[in-house]
Amino acid sequence: IPAEFQQALPVLRKLTKAGHEAYFVGGSVRDVLLNHPIHDVDIATSAFPEEIKQIFPKTIDVGIDHGTVLVLEESGQYEITTFRTESSYQDFRRPDHVEFVRSLKEDLKRRDFTINAFALREDGEIVDLFNGLADLKQHILRAVGNPHERFFEDALRMIRGLRFVSQLGFTLEEDTFAAIKENNQLLEKISVERINIEFVKLLLGDYRNKGISAFISSQCFEYCPQLAGKSQELLALSHLPEMTINYESQAWVLLLDQLNVNETDIRSFLKKWKCSNEMIKTVQAVFHALQVRKQKEFTSELLYQLGEKQALLTEELLPFYGKEANPAKVRHDYQLLPIHSLKDLAVDGNDLMNYFDKKPGRWLKELLTFLERAVICRQVTNKKEVLLYIAEKKQIESAQ
Ligand code: ATP
Ligand code: MG
């Protein structure tokens with residue numbers, strides 16, 4: 001049993017000592033079997049939420065309706081979820097009603113793919129009710145049970161299947177893939193927020209090109225925001241060099257670039273995908289910088305505008321266009337900029353108002369911007385006397 005599970009083992013033991021069943025479940029069990037690093041360990045138990053809370057002194061109700069309790073132990077925080085079935089599906093979405101059950105089998109049955117339906121016992125024994133181990137060995141993604149029914153229950157599972165193709169490099173089993181192809185229009189019923197999460201994971205997967213190919217051939221893209229009719233453009237995306245994309249913003253930039261989206265349309269595109277304003281701003285900046293950087297080196301001004309982080313996000317994308325990235329040089333050039341923000345300028349608004357004995361107004365903003373630019377482009381040194389002298393010359397010029 002790997003370290004992450006070791007740490008959580010006492011939590012399982014406390015549940016079983018109290019007479020309940022308890023297992024590690026979900027993606028972490030799959031990832032351990034694949035020798036992949038694991039993030040969060042999920043625990044499933046026959047104990048009902050009230051019973052869980054009696055056993056552990058410190059808990060938080062993070063999803064009590066769905067039977068999930070966060071347990072705070074000295075060794076860490078663990079999500080414990082009561083075995084459940086998901087009855088009464090409405091509109092092909094996640095059910096709003098879940099039923100707690102005492103049977104592990106019922107809980108594993110509701111899970112999406114066989115490789116996500118393992119349970120790991122505290123003694124290290126794997127419970128594999130759906131032949132997930134065989135599928136894992138053969139790198140197959142197979143729906144648990146009847147794929148049609150499962151995608152009807154929750155259409156998001158189709159996009160999840162595609163993102164696991166991209167993350168693991170596995171292949172969707174024939175009937176499972178056929179069911180995705182046949183039911184792809186059900187994606188229209190799914191909230192964009194949920195699709196977004198899975199789609200971003202698809203774009204960031206180590207086997208992205210395989211994932212995008214499956215996304216195209218399943219025709220799921222026809223029911224995703226802004227992607228209908230874009231098979232050729234997506235194909236171009238799937239032909240980019242096989243390199244993992246590190247950050248979500250970079251994934252959007254590459255997608256938008258392959259789709260030939262206009263810089264001015266980025267905002268509305270990403271709004272349709274329900275991206276945050278912060279994400280949109282980063283994508284806009286990196287997209288713009290990339291178009292410049294494809295042609296020539298960063299100017300001091302652009303480096304300054306971007307900041308180090310966005311400049312590096314841009315630089316790292318060059319290899320996707322057959323160009324060499326030089327992040328060390330970007331970092332170096334950025335450090336060498338005379339100033340890194342307006343705060344670093346040797347004069348501020350007050351200095352200028354005092355010097356010219358004028359009230360604030362548009363002139364002040366314009367003058368500060370002028371001085372800022374002159375310093376960044378190394379036309380003048382960042383010294384107060386110098387800047388005031390330059391400012392005065394500029395004021396006389398613009399008065400004429
Ligand atoms: P990751 O490593 O990205 O977290 P994961 O497999 O753990 O992958 P989660 O979204 O964290 O994915 O879900 C945890 C587990 O819950 C899954 O492994 C699966 O068993 C089950 N699950 C999650 N979403 C669904 C769904 N829509 N339908 C059925 N089962 C699901
Ligand atoms: Mg998970």
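1. A residue is called buried if 20 or more other C-beta atoms lie within 10 Å of its own, exposed if 12 or fewer, and partly exposed in between, with C-beta atoms placed from the backbone. The model is predicted, with local features needing pLDDT of at least 70 and side-chain atom pairs counting only at pLDDT 80 or more, while totals for chains, interfaces and linings use all residues. Residues are numbered from 1 along each chain as its sequence is written, and chains are lettered from A and ligands numbered from 1 in the order in which they are written.

2. His 139, which is not a glycine, has a positive phi of about 60 degrees, and lies in the loop between helix H5 (132-137) and strand S10 (140-141); helices (H or I, at least four residues) and strands (E, at least two) are DSSP runs numbered from the N terminus. Because His 139 has 13 C-beta neighbours inside 10 Å, it counts as partly exposed.

3. Asn 260 also has a positive phi, near 55 degrees, and is placed in the loop between helix H12 (248-258) and helix H13 (266-272). With 9 other C-beta atoms within 10 Å, Asn 260 is exposed.
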